[in-house]
Amino acid sequence: MKRVAIYGGSFNPIHNGHTALAEAVCRAGVVDEVWFMVSPLNPLKQEESNKILLAEIRLKLARMAVEGTPQLAVSDFETKLPVPSYTITTLTELKNTYPDCIFSLLVGQDNWERFDRWYQSDVIKANHDIIVYGRNESEETRPEGENSNTVSQSDKFQKSLVTLYKKDGTEFRLSDYFSFSLFDISSTQIREALKSHQLPFVAKWLKPAVFRYVLENGLYSA
């Protein structure tokens with residue numbers, strides 16, 4: 001059975017933080033693949049619908065972003081389901097369509113904190129593992145045996161907290177054993193940077209092909 005994490009979202013646009021997190025989850029061995037599930041419209045963000053690009057364009061950008069990374073894939077599965085889309089519907093239909101796959105969810109801490117508002121969240125928790133990437137914590141690295149008082153500021157780094165909540169009710173903090181870098185960036189920041197023509201900042205966070213397509217087609221510039 002193939003283990004697949006569904007990473008749902010608007011991806012408006014997809015950025016390097018999204019893809020780096022997905023790759024790290026695969027490296028940790030929790031799943032075999034991560035599928036980016038581009039949503040036509042988040043039921044909890046309907047008031048923002050006028051700010052979201054057409055799903056077809058966001059899908060195109062996402063496919064550009066994962067090209068050459070075998071463990072990452074982009075799915076248009078949810079765009080073919082009735083709108084508004086609900087995660088429980090997506091998971092149920094995925095299970096029926098791909099019986100040889102075991103599906104889990106990959107969600108951010110913000111969504112996890114309001115997960116009880118999701119439609120049939122209790123059913124999701126009972127039937128699927130959920131991987132939650134959270135806020136950063138400060139870590140200190142030092143050579144073995146070195147006194148903590150000698151740790152310099154430059155030896156400190158930040159990482160993302162990632163926890164696996166299994167459907168049997170147990171929890172496993174993956175970030176205690178695997179490294180998950182913190183990417184302090186959001187799609188909103190990228191859109192705002194494009195509007196203000198901060199192109200070096202945008203180029204840092206988008207794959208080159210995505211960056212070129214966004215510029216050539218004037219996306220998010222209005």
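A salt bridge here is a side-chain nitrogen of Lys or Arg within 4 Å of a carboxyl oxygen of Asp or Glu. The views below come from a predicted model, and the structure holds seven such salt bridges.

**View 1. Lys-2 meets Glu-33 in a salt bridge between side chains.** The N to O distance is 3.3 Å. This pair joins distant parts of the chain, 31 residues apart: Lys-2 sits in strand β1 (residues 2-9) and Glu-33 in strand β2 (residues 33-38). Take a look at the surroundings of each partner, too. Lys-2 is partly exposed at 34% relative accessibility, whereas Glu-33, at 18%, counts as buried because the cut-off for buried is under 20%.

**View 2. Lys-166 and Asp-129 form a salt bridge.** Their closest N and O atoms lie 3.2 Å apart. With 33% relative accessibility, Lys-166 is partly exposed; Asp-129, with 19%, is buried.

**View 3. Arg-173 pairs with Asp-176 in a salt bridge.** The closest N and O atoms are 3.0 Å apart. Arg-173 has a relative accessible area of 34% and is partly exposed. Asp-176 is likewise partly exposed, at 46% relative accessibility.

Methods: Residues numbered from 1 in each chain as written. Predicted model: local features only at pLDDT ≥ 70, side-chain atom pairs only at ≥ 80, totals over all residues. Heavy atoms only, no water. Helix = DSSP H or I, 4+ residues; strand = E, 2+ residues; numbered from the N terminus. Buried < 20%, exposed > 50% of the residue type's maximum accessible area, 1.4 Å probe, protein only.
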